[in-house]
Amino acid sequence: MRTWAKGLALALFIGGVVLFWFLDSRVSRLPDLQIWHTLELKQEFAARDVGEAYLFDDYLRQEQDLFAAMEEGFEGSYAPDPTLEVSRYDPGGFNNPVTFPQNWNRTFVLEPDQIRGGALLLHGLSDSPYSLRRVGEILAEQGYYVLGLRLPGHGTLPSGLLSVRLEDWEAAVQLAVAAVRDRIGPRQPLVLAGYSNGGSLAVQYALDALEDESLTRPDKLILFSPAVGISSLARFADWHRLVSFLSHFEKLRWTGIVPEYDPYKYNSFTKNAATQSYRITRRLRRRIDRLHRQKETGTLPPILTFASLVDSTVMNQALIDDLYGKLDSSESELVIFDVNRLALMKQFYRRGPLELLDRMEESEELPYRLTVIGNAASDSVELVEWSKPARSDEPSIRDLGLEWPDNVFSLSHVAIPFPPDDPIYGRAGSGGDHGLLIGALEPRGERQLLLVSADLFLRLRHNPFFSYVEERLIEEVGGDTALPEELP
């Protein structure tokens, strides 16, 4: 027995040494943490802050204190580095959003002269309210009071996503919905618009409102690349907690430590953020499944979703099967932007997404309207809208007067809500007082020199067909449905 015990102890010791070596080598390969990775902003909103007397105005005051604390935290702690002149945190840098005409990292309100309805906008994970800026402007032009909510942990420092919880996001959404309803009155229509993780929060809120009569029920959901499902590997993202409480291993709290050149989105990403996103997608799918078994999904408001056929951030299969496949609403619609079937790169396409769309187009049992934006023909770059109602095999086809741009083979998860002339992510933005035009970057050179993945520059950051999205948004809120001219 003693020999066995000694052997086990030796094996555990060797295993511990090997594990320490593995973790230490991983830590040593990661870049150094900067102040925006380590500074803790205790003024951030959390669900525990909410009491009977806490209102959305209190949330805004707390947000004001939060941004003030961030500025104070940088004073005397951050020395400008000439090698980081495009950093969003460089006080004198041209990419610092504080120097822009408006810092869209904060919660914003767009109020028309005459209010016809209300809309709450929920941005994506690691993003900011800027994600749905143009969507909000379109809705406001149609008479909608628009509130673009900054979700907790966002818009400030990447460190904000080290400790944020799903419950914090849910509490903030409930406060914001109540504020919109209070402003527009009890009879005006209420829309929830969500992008990526914000899309799942919008659906989650709609489910909560079905069970809690004290919550305002939205009249419509508009989703952009919603995160209904993400990789199941995210459930293991928190393993680092076993060692990351030690200062030597604190880098293990991050999936990536990257220069922060994007003024409205964190480039560095925490494992906690992945965990919280996985929590909401798992909970959402379970609740939809339960509602489907009870044959009550028809009680959900109509859902209009815009998504790219190919998406490396979220699982489109979950969107199709676990949300839309279980709806009982012919008023709901899934709009899919197909890949470019005439692109030079088509011989390199993976077959899976194309086969999935083929099956959907052939099905006569879909319980929702399916709309596909794709090539008019196999030998054409012109686009058409192919659309068929729920449980139908009779599609209609409409010419859109749009074409695939040169060298674009598909849309992407991050492209859907941004127009081509977006000043940050567009291909021909205004630039100037909006910093670096990220969407137009096309670097060429050798591998392994850049500190950021070349995939970030390869990925399309704007939607060449946003004019179609704009048309549909106007149609959804009851405005003029004339198709806008194609953006430059």
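Phe100, Tyr130, Tyr195, Tyr264, Phe418 and Tyr425 come together as one aromatic cluster; rings of Phe, Tyr and Trp (its six-membered ring) pair if their centres lie within 6.5 Å, with planes under 30 degrees apart called stacked, over 60 edge-to-face and the rest tilted. This is a predicted model, where local features need pLDDT of at least 70 and side-chain atom pairs count only at pLDDT 80 or more, while totals for chains, interfaces and linings use all residues. Residues are numbered from 1 along each chain as its sequence is written, and side-chain values use heavy atoms, with hydrogens and water left out.

**Aromatic pairs**

- The structure holds 18 aromatic pairs.
- Tyr130 and Tyr264 make a stacked one, at 4.3 Å centre to centre with 10° between the planes.
- Tyr130 sits in the loop between strand E2 (117-122) and helix H4 (133-141), and Tyr264 in the loop between strand E6 (254-256) and strand E7 (269-270), so this pair ties together parts that are 134 residues apart in sequence. (Helices, H or I of at least four residues, and strands, E of at least two, are DSSP runs numbered from the N terminus.)
- Both Tyr130 and Tyr264 are buried, meaning under 20% relative accessible area, with exposed over 50% and partly exposed in between (1.4 Å probe, protein chains only).
- Phe337 and Phe465 also count as stacked, because their ring centres are 6.4 Å apart and their planes at 15°.
- That pair links distant parts of the chain, with Phe337 in strand E9 and Phe465 in the loop between helix H10 (455-458) and H11, 128 residues apart.
- Phe337 is buried at 1% relative accessibility, and Phe465 is buried at 1% too.

**A charge over a ring**

- Arg106 lies over the face of Phe67, 4.2 Å from the ring centre; the test is NZ of Lys or CZ of Arg within 6 Å of the ring centre and within 35 degrees of the ring normal.

**The sheet**

- An open sheet of 10 strands runs in the order E1-E3-E2-E4-E5-E8-E9-E10-E11-E12, with mixed pairing (two strands pair if DSSP finds at least two bridges between them).
- At the edges, strand E1 (108-110) and strand E12 (396-403) each pair on one side only.
- Strand E8 (residues 303-308) and strand E9 (residues 333-337) run parallel, joined by 5 bridges.

**Helix H11**

- In H11 (residues 466-476), 9 of the 11 residues are buried, so the helix is largely enclosed by the rest of the structure.
- Just after H11, Gly478 adopts a positive phi of about 85°.
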